[in-house]
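Biologist: Before we use any terms for this chain, I would like to hear what stands behind each of them. Please set the values against the rules as we go.

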Amino acid sequence: MIVVLGLGNPGSKYEHNRHNVGFEAVSKAAAFFQVKLRKRCFRLYRQAKITAQDGSQALLVQPLTYMNKSGEIMGSFNKDDRFVVVCDNMDLAPGGLRIRQGGGASGQRGLNSIVENLGTGDFLRIYIGIGRPAEGVSVVDHVIGDEPEGPKKQAMDKAIEDAAAAIVKYINGATVGDLQLEFNRKGLL
């Protein structure tokens, strides 16, 4: 089974923060499949079950444990599942999109929590660029700050839409290589 985890922080306070781009991409993918994400497992996460074109099953998931503890829900899934993690990345400019198989956590604490709890970093990642903080702004204030306005906002919205499209295509059988060719775009700072 494919399990797609969109990382973010729960609650309206964080709804439009840069850190929540993973939540947004998974919500948009759920809307494409015309399903609702519902709270599960003692309210530790929201999920929606999807049936792909070939009849296989997939789950869209939003951990509700806060970003830094995203991996705490990994025990709810089978270790043999194919995991996809969608999260923000400060090394990509706002609107950058990078699809990658495996790797380290790159300082992203939610991703680090998943790697620690899963025991491996060998899973698909969809990174959405949020850029680096402005001079004098802390990393924490940047990631839990609201998405920017203007052209940066438009670029991030496009990256979120493209991440959702990549999720849909992957669930429906596209290969990692196909997704990389179609969606990876420059945006490294």
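Biologist: What makes strand 3 and strand 4 a pair?

Modeller: The model is a predicted one. Two strands count as paired if at least two bridges are found between them. Strand 3 and strand 4 have seven bridges, in the antiparallel sense, so they meet the rule for a pair. One of these bridges joins T51 to Q57 in strand 4.

Biologist: What lies between strand 3 and strand 4 in their hairpin?

Modeller: Five residues lie between the two strands, and in this hairpin G55 takes a positive phi near 90°.

Biologist: Why are strand 2 and strand 3 also called paired?

Modeller: Strand 2, residues 38–40, and strand 3, residues 45–51, share three bridges and run antiparallel. The cut-off is at least two bridges, so this is a pair as well. Here K39 stands opposite R46 of strand 3.

Biologist: How many helices and strands does the chain have, and in what order do the elements run?

Modeller: There are five helices and seven strands. Starting at the N terminus, the order is β-α-β-β-β-β-β-α-β-α-α-α.

Biologist: Why is S70 called buried?

Modeller: Buried means under 20% relative accessible area. S70 has 1%, so the word applies. S70 sits in the loop between strand 4 (57–63) and strand 5 (82–89).

Biologist: What does S70 touch there?

Modeller: Leaving out residues up to four places away in sequence, S70 touches L7, P63, T65, G110, S113 and I114. The side chain of S70 also reaches the backbone oxygen of M67, at 2.8 Å. The limit for a polar contact is 3.5 Å.

Biologist: Is V115 buried, partly exposed or exposed, and what decides the matter?

Modeller: The relative accessibility of V115 is 22%, so V115 counts as partly exposed. The partly exposed class lies between the buried limit of 20% and the exposed limit of 50%. V115 belongs to helix 2, residues 109–118. Apart from neighbours within four places in sequence, V115 is in contact with T120, G121, F123 and R125.

Biologist: How far is the C-alpha atom of V115 from that of M74?

Modeller: The separation is 9.6 Å, and the two residues are 41 apart along the chain.

Biologist: Which residues touch the most other members of the largest nonpolar core?

Modeller: That core has 38 residues, and V4, L60, I126, I128, I167 and I171 touch the most other members. Helix 4, residues 151–171, gives the most to this core, namely ten residues. A second, separate core has 20 residues, including L7, M67, M74 and F83.

Biologist: What is L60 in contact with?

Modeller: Setting aside neighbours within four places in sequence, the contacts of L60 include V4, I167 and I171, and also R46, Q47, A48 and I50.

Biologist: How do you know that the radius of gyration of the chain agrees with that of a compact globule?

Modeller: For 189 residues, a compact globule would have a radius near 16 Å; the chain has 15 Å, so the two agree. The C-alpha trace spans about 50 × 35 × 30 Å along its principal axes.

Biologist: What share of the residues counts as buried, and what share of the contacts joins residues at least 24 apart?

Modeller: Of the 189 residues, 51% count as buried. Among contacts between residues at least 6 apart in sequence, 68% join residues at least 24 apart.

Definitions and conventions. Residues are numbered from 1 along each chain as its sequence is written. This is a predicted model: local features need pLDDT of at least 70, side-chain atom pairs count only at pLDDT 80 or more; totals for chains, interfaces and linings use all residues. Side-chain values use heavy atoms; hydrogens and water are left out. Helices (H or I, at least four residues) and strands (E, at least two) are DSSP runs, numbered from the N terminus. Buried means under 20% relative accessible area, exposed over 50%, partly exposed in between (1.4 Å probe, protein chains only). A polar contact is a pair of N or O atoms within 3.5 Å; within protein, one must be able to donate a hydrogen and the other to accept it, and residues adjacent in sequence count only if both atoms are side-chain atoms. Contact means heavy atoms within 4.5 Å. A nonpolar core is a set of buried Ala, Val, Leu, Ile, Met, Phe, Trp, Tyr and Cys residues joined through side-chain atoms within 4.5 Å. The radius of gyration is taken over C-alpha atoms; the globule rule is 2.2 Å times the number of residues to the power 0.38.
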